[in-house]
Amino acid sequence: MRAPLIALGLTLTTSPALAAAPGQTLEPLQVSPVRDGRLFSPESSSPLLVPTTEIACGGQPIQPLYADDLALGVARSAGYEKPAVVLAFSVDEQGRTRDIRPVRDAASTPSGPIVISPLSPSQEEQAALAAWRFEGGPRADCRATVRYSVKSVEAATTDDLLRYFAVTRTRGALREMVARRLGGPDANCGGDGRGGRAARTVSVPDFMIGRRPPPGGRSWTVVRWNVDAEGRTTAVQTLGSSGDADLDREARRAISETVLRPGAPLTGCVFNFNRVGETLTPPALPPREEDPQQSCPADISDRLRLNIAPARFPPAFATRRIEGWALVRFDLATWGQTGAIEVIDAQPSAVFGEDASQLIATARAEPALTGAVRCVLPIRYRLPDAGGTAAEIATD
């Protein structure tokens, strides 16, 4: 069992997901989080959106064997309410989730009518669910419901705020404000963790050491420390953690071995470290079914010009190192335009099917005397190995 499950709102018998250092009281934070890539800058009074997750299969609540933290959001205004995200899925013999699809029919959810967000905004929740594990053999008719409660920063718990700092992960002035508050009332270190002082020696954690999260999973730790006039770190401690003891230990070691240039003493320096598991490969492609209505040349994948670029790889899945595939059926007109596009299957999530459908919709081929009917292409989304440089989308 892993500690982050409590933070997801699941009733599990685990130790606390997040913990302050023994004997230490954290000052309440007076700042609101915002995720990277958002197009607005919230005021410090903006409320937080704190996720909780309920899971059921066949209408009966179940608990995951492994789950990790979802990021907190931020509301644009005090009256904003984020719609719940409801995902249908199944569990295979190995306990892996698959067939992850957003539920669009509110009447089919166990808890009654609810507003369902569209597919794209649920990408992060789908990627998280793809990494979770369940026990008890294969399961069908499963639902994961993620609800976002609105909390003012003053009402948010220290656990919520630590999870925002480490999982939501912002940049710039907002991150510096949060770091100062996490550092304590006397903090003077700044958001860079160095108080503007140059480093003489920098040490980083060995992210491969110890027991890493399972494939597709992720863990985090937040460290706080002081720096003396000689540039040596003191009072290094884990401020909060997802429960990855090896990452906690490595982060403390790295901070302890980092030396700054001499200068005024610093208090309440704060930083977070994150790591993910190995690449989560998708389930195997199903056997190709015979289609008597199909009339498709064997070289169709060579004839199509696809708008493939690394940036197309669904970002929430790339961040977690989760690969996928989609089977797409389509027709090809004599003038080279695709049509009648249908996603036959996509694994582990519908996100890959949506992207593959758009990929085929924008594809073109050279005009020919004959068209093609009910062609089927497998489109694979692969991530680079340790020595690779870019993600790959291929039709082989």
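Modeller: Rings of Phe, Tyr and Trp (its six-membered ring) are paired when their centres lie within 6.5 Å. Please bear in mind that this is a predicted model.

Colleague: Which residues do ring pairs link into a cluster?

Modeller: The structure holds seven aromatic pairs. Through ring pairs, a cluster is formed by Phe 313, Phe 317, Phe 352 and Tyr 381.

Colleague: How many residues apart in sequence are the parts that the pair of Phe 207 and Phe 273 ties together?

Modeller: Phe 207 and Phe 273 form a tilted pair, with 6.5 Å from centre to centre and 50° between the planes. Phe 207 belongs to the loop between β7 (199–201) and β8 (218–227), while Phe 273 belongs to strand β11 (residues 266–276), so the parts tied together are 66 residues apart in sequence.

Colleague: Is Phe 273 buried or exposed?

Modeller: Buried means under 20% relative accessible area. Phe 207, at 30% relative accessibility, counts as partly exposed. For Phe 273 the relative accessible area is 11%, so this residue is buried.

Colleague: What kind of aromatic pair do Phe 271 and Phe 273 form?

Modeller: Phe 271 counts as partly exposed, at 30% relative accessibility. The centres of Phe 271 and Phe 273 are 5.2 Å apart and their planes stand at 70°. Planes over 60 degrees apart count as edge-to-face, so the pair of Phe 271 and Phe 273 is edge-to-face.

Colleague: Over the ring of which residue does the charged end of Lys 82 sit?

Modeller: The charged end of Lys 82 is 3.9 Å from the centre of the ring in question. That ring belongs to Tyr 148.

Colleague: How many residues has the largest nonpolar core?

Modeller: Several elements each supply at least two residues of the largest nonpolar core, including β1 (48–57), α1 (123–131) and β14 (372–382). The residues with the most contacts inside this core are Phe 89, Leu 304, Phe 317 and Ile 379. Apart from it lies another core, of 19 residues, among them Phe 165 and Trp 220. The largest core has 49 residues.

Colleague: Where in the protein is confidence highest?

Modeller: The mean pLDDT of the protein is 80, and 80% of its residues reach 70 or more. Over residues 1–42 the pLDDT stays under 50, and over residues 106–120 it is below 50. Strand β15 (residues 392–394) has the lowest confidence, at a mean of 71, and the highest, at 97, is in helix α4 (residues 245–257).

Technical notes
Residues are numbered from 1 along each chain as its sequence is written. This is a predicted model: local features need pLDDT of at least 70, side-chain atom pairs count only at pLDDT 80 or more; totals for chains, interfaces and linings use all residues. Side-chain values use heavy atoms; hydrogens and water are left out. Rings of Phe, Tyr and Trp (its six-membered ring) pair if their centres lie within 6.5 Å; planes under 30 degrees apart count as stacked, over 60 as edge-to-face and the rest as tilted. Helices (H or I, at least four residues) and strands (E, at least two) are DSSP runs, numbered from the N terminus. Buried means under 20% relative accessible area, exposed over 50%, partly exposed in between (1.4 Å probe, protein chains only). A charge sits over a ring if NZ of Lys or CZ of Arg is within 6 Å of the ring centre and within 35 degrees of the ring normal. A nonpolar core is a set of buried Ala, Val, Leu, Ile, Met, Phe, Trp, Tyr and Cys residues joined through side-chain atoms within 4.5 Å. pLDDT is the predictor's confidence in each residue, from 0 to 100. Contact means heavy atoms within 4.5 Å.
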